Amino acid sequence: MMQYAIKRLLLAIPTLVAMLTAVFILVRLVPGDPAAVILGDQASAESLNALRVQLGLDQPTHVQYLHFLGYMLSGKFGMSMASGKTVMHEVALVLPWTIQLTLASLFIGVVFGLPLGVWAALRRNSWPDYLGRMLSLTGLSFPAFVSGILMLLVFAIQLRWFPVVSTTVNADWSTQLRNLVLPAFNLGLIMTAYVMRVTRSSMLEVMGEDYVRTAKAKGVRPMRLVLRHGLRNALIPIVTVVGLYFGTLIGNSVLTEIVFNRPGLGKLILGALNARDYTLLQGLMVVFASCVILVNLLTDLVYGLVDPRVKYK
Amino acid sequence: MSAIAATPSASASPIWQALKKNRLSWVGLVLLASIVLIALFAPWVAPHDPLQQNIAYRLEGPSAEFLLGTDSYGRDVLSRLIYGTRVSLLVGFVAVLIAMLIGSTLGIIAGYVGGMVDRLIMGLVDVLLSFPTLLLGLMIAAMLGASLENLIIAIAITEIAPFVRVARAPTIALKQRDFVDAGRALGYGPMRLMRVHILPNMVSDVVVLGSLWMASAIRTEAALSFIGLGVPPPAATWGSMIREGFENILDAWWLTVFPSIAILLTVLALNLLGDALRDAIDPKTRSERA
């Protein structure tokens with residue numbers, strides 16, 4: 001197991017370096033002089049030159065590349081041009097908000113998605129299954145900002161159950177919880193649709209296996225059959241697929257944070273975009289992509305842990 | 001994967017199979033056909049000019065004259081919605097087409113040539129997959145600048161990876177089959193073998209994936225437009241309509257609700273169709289359903 005983990009870790013390094021290179025190239029796609037883009041048309045020649053030196057744009061490309069790699073690998077992910085603080089500092093400020101939201105939505109997704117998926121699989125091709133499939137496909141068709149806006153309209157503006165703007169940084173915990181409900185359900189219901197769909201197909205596959213039939217023939221009680229023999233084995237692919245969903249979850253949480261005006265990584269990246277803070281943007285891309293690579297790595301390792309059949313080649 | 005029919009004409013049959021077996025796919029097909037028709041005949045269907053501003057009719061709710069109300073410039077929401085259909089479908093379709101062409105070409109090459117080339121292409125796929133789709137699209141669109149072409153390029157790049165994968169796996173299986181060997185023995189070059197012997201066998205897989213990813217492309221387009229990286233104003237797109245409507249969300253619900261429904265219906269139609277198609281061509285679910 002240890003050997004497998006180390007090998008898998010080493011395999012992630014080339015991907016990491018290639019990802020960094022991709023970000024480096026991406027940021028240099030800006031047509032024209034980045035310094036001019038940042039400072040605008042009115043900038044004087046001196047300030048343009050000063051910014052070029054500050055950004056290292058006066059250096060040859062390969063030197064810029066090495067500097068860039070250095071910044072990123074040092075763990076600070078570079079400096080924000082607008083605030084002058086490190087990207088890591090900016091991220092740390094808003095990270096608790098994003099983690100709060102993500103965990104709450106994961107919780108909602110699992111609590112609703114797993115039982116619904118199992119239920120749909122057991123009632124296959126009957127009306128609960130059709131209804132469930134239709135609902136989960138609808139949930140998956142919602143862009144996160146669309147569902148967010150509709151929830152905002154209904155529950156915050158029409159019914160006034162929840163606040164329209166959920167930025168109260170220094171609120172007590174009950175207000176914070178109230179602020180969290182709508183954004184968390186917005187992300188969580190999309191997550192539910194996804195978990196439900198994956199659970200259904202995974203359960204269908206497992207319940208058709210020989211060992212489930214054997215257990216049934218031996219007279220195992222239905223509840224135990226579904227939970228011990230069915231769901232426990234069905235969980236393996238579910239873990240993998242939910243891990244793969246992480247990238248989409250990030251995108252959806254960015255949109256959710258914008259709609260509900262919640263502080264977090266999403267608002268941070270939007271702010272960087274509007275302020276043309278390319279160094280912050282570049283740092284954030286690296287942070288997000290590193291998270292995805294890390295989650296993929298963890299998913300692989302968890303897969304290895306829960307499934308004894310995985311052979312560590 | 002090697003169980004895919006070896007006849008090139010196989011690409012037409014799964015659509016028919018899907019429609020026969022899955023009633024929901026009809027809903028998707030009818031919805032999608034109506035949306036395409038609306039896009040094609042937009043100038044005839046739209047009751048007003050989508051760009052015509054009229055300050056006298058600002059922010060009016062739905063009425064007989066303006067069925068879905070007017071926006072803050074007094075423009076007719078229904079007409080803008082109808083013209084927005086064109087942008088969504090165009091961006092979705094062209095972006096997926098580009099991703100499909102580049103992705104499946106790379107996938108076939110990776111599978112057929114193997115070795116170093118394969119490792120290089122799959123490395124590229126890993127890198128693409130390490131970026132959250134929306135953020136990659138956002139970054140590329142922001143770097144290139146907001147325009148229709150750049151939006152299409154940005155979305156196409158985010159969707160290359162799945163097509164590489166779907167083309168690579170069957171290629172590896174197919175290149176060892178007898179009919180490919182036969183072609184090789186006849187002296188056909190690798191280009192011809194890949195194009196004539198391997199490609200036709202996966203067209204249906206790639207097209208099915210295309211319909212599912214077109215749904216995703218339309219969603220990404222709407223999200224980027226909502227963020228402000230879409231086709232620049234005053235052109236009407238669903239995402240930018242929601243963006244503008246969001247500013248007046250407290251007193252003009254119709255500005256956000258109707259474009260939201262339009263996006264949802266379009267994406268749902270494509271998903272319903274794509275889902276049924278995928279079931280139809282997947283040998284595993286096919287035998288399950290029989």
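Reply:

Chain A holds 13 helices and zero strands, where helices (H or I, at least four residues) and strands (E, at least two) are DSSP runs numbered from the N terminus. This is a predicted model, in which local features need pLDDT of at least 70 and side-chain atom pairs count only at pLDDT 80 or more, while totals for chains, interfaces and linings use all residues. Residues are numbered from 1 along each chain as its sequence is written, and chains are lettered from A and ligands numbered from 1 in the order in which they are written.

The contact draws 38 residues from chain A and 37 residues from chain B; two residues are in contact if their C-beta atoms, placed from the backbone, lie within 7 Å. On chain A, at least two residues each come from helix 1 (2–27), helix 6 (127–141), helix 7 (144–158), helix 11 (246–259), helix 12 (265–274) and helix 13 (278–306). This side of chain A comprises 32 nonpolar, six polar and no charged residues. Here Ala, Val, Leu, Ile, Met, Phe, Trp, Tyr, Cys and Pro count as nonpolar, Asp, Glu, Lys and Arg as charged, and the others, Gly among them, as polar.

As for the chain that carries this side, the C-alpha trace of chain A spans about 85 × 55 × 35 Å along its principal axes. Among the elements of chain A, the mean pLDDT is lowest in helix 2 (residues 34–39), at 70, and highest in helix 5 (residues 87–122), at 89.

Definitions and conventions:
pLDDT = per-residue confidence, 0-100.
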